[in-house]
Amino acid sequence: MIEKHIVLEDIDPVVFYGVNNTNLQMIKALFPKLRIVARGNVIKVIGDEEEMCAFEEAITTIEKHCLTFNRLNEEDILGLTKGKSPYQAHVGDAIVFNVSGKPITPRSENQRKLVKAFSENDMIFAVGPAGSGKTYTAIALAVRALKQKEIKKIILSRPAVEAGEKLGFLPGDMKEKIDPYLQPLYDALQDMIPAAKLKEYMDLNIIQIAPLAFMRGRTLNDAVVILDEAQNTTTQQIKMFLTRMGMNTKMIITGDLTQIDLPHSQTSGLLQAMGILKKVKGIAFVELNKKDIVRHKLVTRIVDAYEKFETKQKKEKLQNE
């Protein structure tokens, strides 16, 4: 008789054990010679050494499945213990799987270019209109890298600039003051990582979400770093951000050059950086457009209407000069 403790490090124990411990009961039934007790993310196992080896192998396979697909049920467990992955055929070009177990895949040619650019470059500029999937795809790539242990942390940042309105005094501590600006990043993460695991990652600073001002003075190693809404950075801010890059780090800079909320007297840091860095080796530029928009079909029509309006305004301005 031997005793072992197995720690579930990378997955949410709630997903692993199942509702009312149904998954755990199934695992216990498959290994009747072992006494299995689970507490939090630790599984204590007592029993025969040969059976123990088979159990450890099965748990490793089940854990890997759970980490990849964000789901587990009794049917999955039966298949995995027999050497079959029920969802392996659905992997295809999936970047990661969401909390419901559905694949998150690039949904347009330019999104596929972004995925390819991420694998081939350490810094990527992804520019496109609202709803083109640039931020969501970037966060999916970061989550995949974290799950595959290619990096140790994800750092997400945004400049705290209001979209044409003054929010004034915001109550609460620092986190509560800046959270409204960063909510779109939380939304994407909540789609891809189970709630309990996301909270743990954030408590341990494995996933960090911070306004751009908090980047100053840092060197960012072993990370995927995403700067969202970069069109609203100043020229000094984006230079400061880009020079934070450390070893084994990838940076994705996303923005929409049609939604610059800076004062008219200020140049967009994103616009300037794209011009300066255009020919630098190791930096990729991916331009998304209205064909890549994956939100409601009205979003494409709205973007199109505004483009026509702005083109008409420019023509009228030139005629009046």
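Reader: To begin with, is the crossing in which helix 3 passes helix 4 left-handed or right-handed?
Author: The model is a predicted one. In it, helix 3 passes helix 4 in a right-handed crossing.

Reader: Which residues make that contact?
Author: Helix 3 contributes Ala 58, Thr 61, Ile 62 and His 65. From helix 4 come Asp 76, Ile 77, Leu 80 and Thr 81. By class, the contact of helix 3 with helix 4 has four nonpolar, three polar and one charged residues.

Reader: At what angle do the axes of helix 3 and helix 4 cross?
Author: They cross at roughly 130°, and the two axes come within 10 Å. Helix 4 covers residues 74-81.

Reader: Why are helix 3 and helix 4 called oblique to each other?
Author: Angles over 145 degrees count as roughly antiparallel and 65 to 115 as roughly perpendicular, with the rest, apart from those under 35, as oblique. The axes cross at roughly 130°, and helix 3 and helix 4 are therefore oblique to each other.

Reader: Turning to helix 9 and helix 10, at what angle do they pack?
Author: Helix 9 (residues 235-242) and helix 10 (residues 269-276) pack at an angle of about 60°, and their axes are 8 Å apart. These two helices are therefore also described as oblique to each other. Their crossing is right-handed.

Reader: Which residues of helix 9 and helix 10 make the contact?
Author: On the helix 9 side they are Thr 235, Ile 238 and Leu 242. Helix 10 supplies Gly 269, Leu 270, Gln 272 and Ala 273.

Reader: How many residues of that contact of helix 9 with helix 10 are charged?
Author: There are no charged residues in it; the contact divides into four nonpolar and three polar.

Reader: And how far apart are the axes of helix 5 and helix 6?
Author: Their axes are 10 Å apart, with an angle of about 35° between helix 5 (residues 109-120) and helix 6. This crossing is right-handed.

Reader: Which residues meet there, in helix 5 and in helix 6?
Author: Gln 111, Leu 114, Val 115 and Phe 118 of helix 5 face Lys 134, Thr 137, Leu 141 and Arg 144 of helix 6. By class, that contact has four nonpolar, two polar and two charged residues.

Reader: A change of topic: how many cavities of 30 Å³ or more does the structure hold?
Author: It holds one. The largest cavity has a volume of about 110 Å³. Of the 14 residues that line the largest cavity, the closest to its centre are Asp 10, Leu 67, Asn 70, Lys 147 and Pro 194.

Reader: Which element gives the largest share of the lining of the largest cavity?
Author: Helix 6 does, with three residues. The elements giving two or more residues are helix 3 (49-69), helix 6 (134-147) and helix 8 (195-203). By class, the lining of the largest cavity comprises nine nonpolar, one polar and four charged residues.

Reader: Finally, how much space lies in the second largest pocket?
Author: About 430 Å³. Of its 17 lining residues, Pro 129, Asp 256, Thr 258, Val 303 and Glu 307 are the closest to the centre of the second largest pocket.

Reader: Which helix gives the most to the lining of the second largest pocket?
Author: Helix 11 (residues 297-320) does, with five residues. The lining of the second largest pocket divides into eight nonpolar, four polar and five charged residues.

Notes
Residues are numbered from 1 along each chain as its sequence is written. This is a predicted model: local features need pLDDT of at least 70, side-chain atom pairs count only at pLDDT 80 or more; totals for chains, interfaces and linings use all residues. Side-chain values use heavy atoms; hydrogens and water are left out. On a 1 Å grid over the protein atoms alone, a cavity is a set of points where a 1.4 Å probe fits but cannot get out, and a pocket is an open set with protein on both sides within 12 Å along at least five of seven lines; lining residues have an atom within 4 Å of a point. Grid points are joined across faces, edges and corners, and a volume is the space filled by probe spheres set on the points. Helices (H or I, at least four residues) and strands (E, at least two) are DSSP runs, numbered from the N terminus. Ala, Val, Leu, Ile, Met, Phe, Trp, Tyr, Cys and Pro count as nonpolar, Asp, Glu, Lys and Arg as charged, and the others, Gly among them, as polar. Axes are lines fitted to C-alpha atoms, for helices over the stretch in contact, and angles run from 0 to 180 degrees between N-to-C directions. A crossing is left-handed if the near helix is turned anticlockwise from the far one by less than a right angle, and right-handed if clockwise. Contact means heavy atoms within 4.5 Å.
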